[in-house]
Amino acid sequence: MEKNLKDYFTTGEFARLCNVKKQTLFHYDDIGILCPELVGDNGYRYYSYMQLEVFYTISMLKELGMPLSDIKKYLDHRSPRAFIDLLEKQQLEVEEKIQDLLWLKRFINTKLDITREGLTVPINKIFLETRPEEYLIATEYVGADVDKDIAAAVTEHLNFCHSLDIYSAYAIGGMIPIQCIVPGQSYIYSHFYTRTDCSNSGEVVVCPAGDFAVCCDNKDYDNVETICARLLQYADDCGYRPGTHIYEDLLLDEMSANGYDNYTVKLSLPLYKA
């Protein structure tokens, strides 16, 4: 065996090639998933370059969450057909992970955009905003202007969205009928909604592209009635026909602002040519 040792790697050399600690190789040897090809009379372990491929495959399977015990079962009964079956199964799992990561990436990007808008948007000033077509999941609200009823309706709305497998990065919004905007009276919602990228669900409400009069406020919800009235007056002064509802969105909510008093509310009124 001595004349062949130059063709093998010691445990330390093999560990450096694999970028792991020697203890990892000792553990793999102990449980029988990667044993040294040669063991000297002095007990030293020696690995061949052919075992690098085995190590990399084990590492790949571990990265995909496959337990070492299952990896050992495969290695104990390996064959070309079994290897194909193993890789095809892992291929499906990788695709699922990719889709999950893409969803997380979209979720994070959307949250970033919303929060950055909340930090830079003009406060208490009306401005025009042109929006593309948007898709909403909307549920009707018929309760009273009572926090408990609203909370229950919001929970039902969330459950409905989840039943459609829709998990949106947007905070739940409220639709305020313009006929509810009466000076000195509290406004009330007609619907709660969630924005979604999904346009092919039968439950989606399409919000057409167009112009909106927008005003934001960072004083909790105290000024919503006043701002809604200002938006309607703006539409009248500028010769627009207002939409039937004002859309209430949160830009800074509990995830980025500590408490209602620090929320930033965005109110949007669709505008149409008179």
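**Questions on a predicted chain**

Biologist: Asn 124 lies in the loop between α5 (80-120) and β4 (127-131). About what phi does Asn 124 have?
Modeller: The model is a predicted one. Asn 124 is not a glycine, yet its phi is positive. The value is about 60°.

Biologist: Is Asn 124 buried, partly exposed or exposed?
Modeller: Its relative accessibility is 39%. Buried would need a value under 20%, and exposed one over 50%. Because 39% falls in between, Asn 124 counts as partly exposed.

Biologist: Which loop holds Asn 19, and is Asn 19 buried or exposed?
Modeller: Asn 19 is placed in the loop between α1 (11-18) and α2. Asn 19 also has a positive phi, near 60°, in a residue other than glycine. Its relative accessible area is 71%, and the cut-off for exposed is over 50%. The loop is therefore the one between α1 and α2, and Asn 19 is exposed.

Biologist: Is Asp 29 buried or exposed, and what does Asp 29 touch beyond four places in sequence?
Modeller: Asp 29 belongs to helix α2 (residues 22-31). Its relative accessible area is 18%, and the limit for buried is under 20%, so Asp 29 is buried. With residues up to four places away in sequence left out, Asp 29 touches Leu 34, Cys 35, Pro 36 and Arg 45.

Biologist: How far is the C-alpha atom of Asp 76 from that of Gly 32?
Modeller: Asp 76 is found in helix α4 (residues 68-76) and is partly exposed, at a relative accessible area of 43%. Along the chain, Asp 76 and Gly 32 are 44 residues apart. Their C-alpha atoms are separated by 9.0 Å.

Biologist: Which element gives the most residues to the largest nonpolar core?
Modeller: That core has 26 residues, and those with the most contacts inside it are Ile 176, Leu 231 and Leu 267. At least two residues each come from α6 (147-163), β9 (210-217), α7 (224-237), β11 (245-252) and β12 (264-273). With 6 residues, the element that gives the most is α7.

Biologist: What share of the contacts with a separation of 6 or more joins residues 24 or more positions apart?
Modeller: Of the 274 residues, 36% count as buried. Among contacts with a separation of 6 or more, those between residues 24 or more positions apart account for 70%.

Biologist: How far apart are the mean positions of the positive and negative charges?
Modeller: The chain has 26 positive and 42 negative charges. Their mean positions are separated by 9 Å.

How values were computed: Residues numbered from 1 in each chain as written. Predicted model: local features only at pLDDT ≥ 70, side-chain atom pairs only at ≥ 80, totals over all residues. Heavy atoms only, no water. Helix = DSSP H or I, 4+ residues; strand = E, 2+ residues; numbered from the N terminus. Buried < 20%, exposed > 50% of the residue type's maximum accessible area, 1.4 Å probe, protein only. Contact = heavy atoms within 4.5 Å. Core = buried A, V, L, I, M, F, W, Y, C linked by side-chain atoms within 4.5 Å. Lys, Arg positive; Asp, Glu negative; His and termini not counted. Charge placed at Lys NZ, Arg CZ, Asp CG, Glu CD.
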